[in-house]
Amino acid sequence: MELHLALDGRQDLAGQLYRQLRAAILDGRLAAGDRLPSMRFLAERLAVSRKTVGEAYERLVAEGFLQARVGSGTYVSSQLAPVEHPPMPTAALQANPRWRAIAAGWRMPAHRPARYSFAGGTPDKRRFPFDAWRTCLQRALRLQARSPAFYAEALGNPELRLAISRYLAINRAVRCHWQDILVSQGAQQAIDLLARVMLTPGDLAVVEEPGYPPARLAFEAAGARVLGVPVDREGLRVDCLPEQAKLVYVTPSHQFPLGQPMSLPRRLALLEWARRRQALIIEDDYDGEYRFDGRPLESLQSLDREGRVAYIGTFSKTLFPELRLGYLLMPAALRGELTVAKQLADQHSESLQQLALAHFIGSGAFAQHTRRLQREYARRRQLLLRRLAGDLAPWLEALPAVAGIHLAARLRQPLDCTRLCAQLAERGVLLLDLAPFYAEGPGMPGLLFGFGAIEAQDIDPALDILHELLRQH
Ligand SMILES: Cc1ncc(COP(=O)(O)O)c(C=O)c1O
């Protein structure tokens with residue numbers, strides 16, 4: 001603990017020290033149970049005698065503020081009641097109105113623990129091989145201890161970028177050179193960096209409707225006008241795209257939130273539209289590594305012959321989101337700007353975890369983990385689909401999806417989804433309503449079933465509760 005203490009002149013030094021320590025205890029900077037520095041250390045630090053410090057400590061002990069524990073040191077008395085901190089004063093500061101509007105409208109669901117959680121987009125952290133990860137972290141620490149203290153490469157650790165490029169080439173048929181990869185703080189930072197370097201206030205950015213709210217908001221924060229273009233069973237309605245737009249953000253492997261893949265004709269039409277309008281396509285492949293049916297369609301990035309696609313991926317779904325590790329395959333034309341934007345945002349992503357992840361992928365642990373999860377998720381998805389096609393079918397219709405760790409289902413009958421989700425929450429079931437993902441008016445009523453967090457044996461009991469409530473509605 002390093003408490004700021006400053007003595008003035010040579011008068012009444014013990015008294016000054018006493019008053020400053022007492023004030024620190026009374027205003028909560030020193031809390032009950034905190035250990036004070038030893039008398040010798042403090043005397044050296046403040047260039048006073050040990051006797052001076054001793055006098056101040058003794059007085060505070062006598063008044064009950066401190067407790068001396070033999071052989072252990074001096075502590076703030078554990079009997080003291082915790083101090084209530086006064087609220088910080090709110091000065092009249094005018095934030096950028098765009099940010100004020102975004103902060104006022106922010107409605108991302110907070111993490112809510114539940115007995116049965118169908119939370120969207122949450123992977124199974126219980127099955128993460130923490131022992132293997134610890135070994136990778138230890139190795140990374142050893143490497144880091146040997147290197148000089150300086151900023152690392154803005155685009156990320158070369159070993160990790162190479163591992164990501166190999167992974168993309170093999171698993172996702174994405175053509176890339178490791179030097180075109182930027183390691184970001186999750187997919188979100190990649191979206192944000194693209195918004196910063198591409199958009200001038202007033203530009204038009206297109207997103208899917210329904211879609212992923214944090215992408216729309218990142219474009220709005222950069223000053224863009226954002227237009228939601230509807231999706232149908234084949235993905236984005238390319239025929240509804242506006243005449244001009246600076247960029248189009250899509251989730252072609254697993255449309256967020258409805259789940260359908262974008263068909264090949266639509267992919268080709270979107271690329272052609274972007275070519276004619278000189279627009280950028282952002283391809284967010286956030287959970288496409290989990291595939292359950294059929295052969296994967298080629299990514300927009302690999303169909304593109306012009307360098308118009310920025311391909312984004314994340315480790316939030318394959319490992320876990322708190323790692324904040326994602327990547328962006330940069331179009332050649334934006335490389336310089338994106339490199340500087342990344343530097344201005346945070347210099348570079350945290351390097352210990354990057355090194356650990358490079359080793360985790362290189363050692364085969366990553367592939368082994370995702371294979372195990374793939375089997376587990378396939379089982380859960382089957383259980384869900386069986387119930388949706390069985391006793392839940394009078395109310396719900398599963399929407400077609402071949403990849404990812406959530407399914408969406410359409411409500412066949414009009415009913416109050418908000419109320420249904422609130423009632424489910426009361427019974428311990430966390431299920432998301434599709435409504436908040438529609439930004440431009442009411443959309444198709446339905447529910448989003450994430451199956452990354454729920455154990456297979458919990459699916460039936462949770463759906464029994466849903467069934468019971470649907471019967472009552
Ligand atoms: C469409 C979409 N993109 C990206 C992400 C992941 O973002 P991040 O990598 O920032 O955790 C999610 C997570 O739910 C998502 O749904």
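**Exercise 1.** Which residue just after α12 takes a positive phi? Work out, too, how much of the helix is covered.

*Solution.* Keep in mind that we're working with a predicted model.
- Start just past the helix: G364 has a positive phi of about 90 degrees.
- Now step back into α12 itself, residues 351-362. Its 12 residues reach 16 Å from the first C-alpha to the last, close to the 16 Å expected at 1.5 Å a residue.
- Look at the other end. A side-chain oxygen of E350 comes to within 3.1 Å of the backbone nitrogen of L352 at the start of α12.
- Then check burial, with under 20% relative accessible area as the cut-off. Nine of the 12 residues in α12 are buried, so the helix is mostly covered. Among them are L352, L355, F360 and I361.
- Finally, see what does the covering: the buried residues of α12 pack against α5 (130-146), α6 (158-171), β4 and α13 (365-389).

**Exercise 2.** Is T314 buried or exposed? List what it touches as well.

*Solution.* 
- Locate the residue first: T314 is in strand β10.
- Compare its relative accessible area, 4%, with the cut-off for buried, under 20%. T314 is therefore buried.
- Look for a polar partner. A polar atom of the T314 side chain lies 2.9 Å from the backbone nitrogen of S316.
- Leave out residues up to four places away in sequence, and T314 touches G186, A187, Y286, L325, G326 and Y327.

**Exercise 3.** How many Å separate the centres of domain 1 and domain 3?

*Solution.* 
- Take the bounds from the domain assignment: domain 1 is 13-76, domain 2 is 112-122 + 368-472, and domain 3 is 130-367.
- Taken over C-alpha atoms, the centres of domain 1 and domain 3 are 54 Å apart.

Note on methods. Residues are numbered from 1 along each chain as its sequence is written. This is a predicted model: local features need pLDDT of at least 70, side-chain atom pairs count only at pLDDT 80 or more; totals for chains, interfaces and linings use all residues. Side-chain values use heavy atoms; hydrogens and water are left out. Helices (H or I, at least four residues) and strands (E, at least two) are DSSP runs, numbered from the N terminus. The expected span of a helix is 1.5 Å times one less than its number of residues. Buried means under 20% relative accessible area, exposed over 50%, partly exposed in between (1.4 Å probe, protein chains only). Contact means heavy atoms within 4.5 Å. A polar contact is a pair of N or O atoms within 3.5 Å; within protein, one must be able to donate a hydrogen and the other to accept it, and residues adjacent in sequence count only if both atoms are side-chain atoms. Domain bounds come from an automatic or database domain assignment.
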